[in-house]
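Dear colleague,

Please find the structure below, together with its sequence. My notes on what was found in it follow.

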Number of protein chains: 2
Amino acid sequence: MVKNKQVLLKDYVSGSPKESDFIIATDKKTSLEVPESSDNGPANSTFEDGFSHYTPGSPINGYAVSKVLDSKHPKFKKGDLVWGITGWEEYSLIAEPDSLFKIEHTDIPLSYYTGLLGMPGMTAYVGFYEVCKPKKGEKVFISAAAGAVGQLVGQFAKLAGCYVVGSAGSKAKIDLLKNKFGFDDAFNYKEEQDLDAALKRYFPEGIDIYFENVGGKTLDATLLNMKVHSRIAVCGMISQYNLDKPEGIHNLASVLYKRIRMEGFVVKEYYHLYPKFLDLVLPYIRKNKITYVEDIAEGLENGPAALVGLFSGRNVGKQVLVVARE
Amino acid sequence: MVKNKQVLLKDYVSGSPKESDFIIATDKKTSLEVPESSDNGPANSTFEDGFSHYTPGSPINGYAVSKVLDSKHPKFKKGDLVWGITGWEEYSLIAEPDSLFKIEHTDIPLSYYTGLLGMPGMTAYVGFYEVCKPKKGEKVFISAAAGAVGQLVGQFAKLAGCYVVGSAGSKAKIDLLKNKFGFDDAFNYKEEQDLDAALKRYFPEGIDIYFENVGGKTLDATLLNMKVHSRIAVCGMISQYNLDKPEGIHNLASVLYKRIRMEGFVVKEYYHLYPKFLDLVLPYIRKNKITYVEDIAEGLENGPAALVGLFSGRNVGKQVLVVARE
């Protein structure tokens, strides 16, 4: 039995979370051996789903890299490194080991398996390649482009021979997109009075692929700039999650006029493609063809602040929290 | 040279058209022979596109059945019956004969080629089969279900083994849907205070396929009732066309949460499938497995009133205008 530091929610959260919604608990004791029978429930929540289905008083969940300390599952043995959903705590008992991926390639920084080689990387891959089916020369727009997923979609799009413009909410992020991630262009949506006019400036001939992360006004303006037979992969609508009433979208008739295909997706339905994804991405990483930026916070106790920062866009790149170092 | 009665627009129309926007002209003279060279522009407007690109003073266009009086095109000869876009006039010079379809099966009433066997029939076929890819047992919701397209989508869906509910705007239409077209159920949206509650009553387990003809509040309520991996074929948004500002759609996040595929389509991009469509539908018609209702007005001069009636939903079934009888 060991002490197990945890991040818990005090109560149900409505609206965006605040640091005061969380508790750092240090009184939990956890066994480092798997019990003969476990009645833990399934752990398949992620931050993206919002907080409504978390049980106050239990640790929140998230994607993490972990080391196996004990296992009764044939796929995993002591010492294996894995990535997947675990609790925000030092030690987790995994009720559904099949949901975890064994890490086979350790020449890549382990933290990348929370991002580039984990859920966000697969999300970018699935949304861009599987949902949008890009063609060389197509024009791609990405909102929240400096986030964990957006930065990768942009780089995949450049590698696929597309023209890529991203939007983000700070000068630092715009600089990253243009100077580090190789986007053809980028703009700060907070500095644009008229998003429709901004998009017409960057896409005078219209947009073939919109990778949608934000919803609301950006979606509405983008609909006016989509080309015939264009595609919208709906990955997120972060501007809308915590509103009492979502904003109205007025330009949906474009879906008809331009014969747009708009499709929502969740990465968990595509994990069978993970080996195909690795085949594509590992060579790019090893040849330095992909740039990946992390915003690293240290220590479980700083997790709530890091999480809250996501909702105000404070992070630059993928937010990672270091719980322990190998 | 013969006198050629025509329906013209006086001026550009904003908002829904009124009878006073039209003129019946009888002073035009038309040659019944094709001139050696024609500089007529292409005629590819339809009512569904709105009126903004009609030139005042020239006849409006629509789908019609016509008899060829003269032809220099190898595909057509004098006496052939054809369907496709022509002017609202007694005699039309066709600038793009390749846009017309020769009528091969004359055991079917000719007027059906403006509907069941013409553009509306193909639209129902394409939107339901090609866009939505239905499976037996799926739950299908159709708005404007008593219209030319909706009544056919519902019957295709029943023939495909689906559960089908339609909405429409009058008691007469609801009766038709339930008692003539074989829908499992139907409701009058004008009598429902709460469309979301109505849909939950008819689809307690949710909707797999929504065939969208109206947009606005109906779309917004339907989004809340779509199942995971459901599909929305966007065929029309007639409630929104003539508004100064379209209504806001607030429930688009369902596209993400339910992984909905929403896709706009226009039938003209699928006409290469017309033979496949005939192979499916002709046997159904000959075996009386499909019911088809027309709302017939007589004479070109009654065209404007019939057209205006579409915008208030006055017609029951496919609105047809008889210009001449064979």
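In what order do the strands of the open sheet in chain A lie, and is the pairing parallel or antiparallel? The order of the 3 strands is 5-6-7, and the pairing is antiparallel.

Before going further, please note that this is a predicted model, in which local features need pLDDT of at least 70 and side-chain atom pairs count only at pLDDT 80 or more, while totals for chains, interfaces and linings use all residues. Residues are numbered from 1 along each chain as its sequence is written, chains are lettered from A and ligands numbered from 1 in the order in which they are written, and side-chain values use heavy atoms, with hydrogens and water left out.

The sheets

Helices (H or I, at least four residues) and strands (E, at least two) are DSSP runs, numbered from the N terminus. Two strands pair if DSSP finds at least two bridges between them. In chain A, strand 5 (61–67) and strand 7 (101–102) are the edge strands, each pairing on one side only. Strand 5 of chain A is joined to strand 6 (residues 81–87) of chain A by 7 bridges, and these strands run antiparallel. Within this pairing, A:Trp83 of strand 6 is the bridge partner of A:Val65.

Chain B also has an open sheet of 3 strands in the order 5-6-7, with antiparallel pairing. Its edge strands are strand 5 (61–67) and strand 7 of chain B. There, B:Gly84 in strand 6 is the bridge partner of B:Ala64. B:Ser66 belongs to strand 5 of chain B and is partly exposed, with a relative accessible area of 22% (buried means under 20%, exposed over 50%, and partly exposed in between, with a 1.4 Å probe and protein chains only). Apart from residues up to four places away in sequence, B:Ser66 touches B:Asp80, B:Leu81, B:Val82 and B:Thr86, where contact means heavy atoms within 4.5 Å. B:Ser66 and B:Asp80 are 14 residues apart in sequence, and their C-alpha atoms are 8.4 Å apart in space.

Helix 7 of chain A

Helix 7 (residues 274–286) of chain A has 13 residues and reaches 18 Å from its first C-alpha to its last, close to the 18 Å expected at 1.5 Å a residue; the expected span is 1.5 Å times one less than the number of residues. Where does helix 7 of chain A bend? The helix bends by about 25 degrees at A:Leu280, and a proline, A:Pro283, follows within four residues. The bend is the angle between axes fitted to the seven residues ending at a residue and the seven starting there.

Several residues of helix 7 are buried, among them A:Tyr274, A:Phe277 and A:Leu278. The buried residues of this helix pack against strand 6, strand 7, helix 1 (119–131) and helix 2 (150–159) of chain A. After helix 7 comes A:Asn288, whose phi is positive, near 55 degrees. In the loop between strand 13 (261–264) and helix 7 lies A:Leu273, which is buried at a relative accessible area of 14%. Leaving aside neighbours within four places in sequence, A:Leu273 is in contact with A:Met122, A:Tyr125 and A:Glu130.

Aromatic pairs

Rings of Phe, Tyr and Trp (its six-membered ring) pair if their centres lie within 6.5 Å; planes under 30 degrees apart count as stacked, over 60 as edge-to-face and the rest as tilted. Over all chains, the structure holds 36 aromatic pairs. Why is the pair of A:Phe128 and A:Tyr129 edge-to-face? The ring centres of A:Phe128 and A:Tyr129 are 5.1 Å apart and the planes lie at 75 degrees, so the pair is edge-to-face. A:Phe128 is buried, with a relative accessible area of 0%, whereas A:Tyr129 counts as partly exposed at 21%. Both belong to a cluster linked by ring pairs, which also includes A:Trp83, A:Tyr274 and A:Phe277.

The two chains

Chain A superposes on chain B by a rotation of 180 degrees with 0.0 Å of shift along its axis (RMSD 0.1 Å), by least squares on the C-alpha atoms of residues with pLDDT of at least 70 in both. That is the relation of a two-fold axis. In chain A, the C-alpha nearest the axis is that of A:Gly248, 1.9 Å from it. Of the interface residues of chain A, 100% are also interface residues in chain B, so the copies meet through the same surface.

With kind regards
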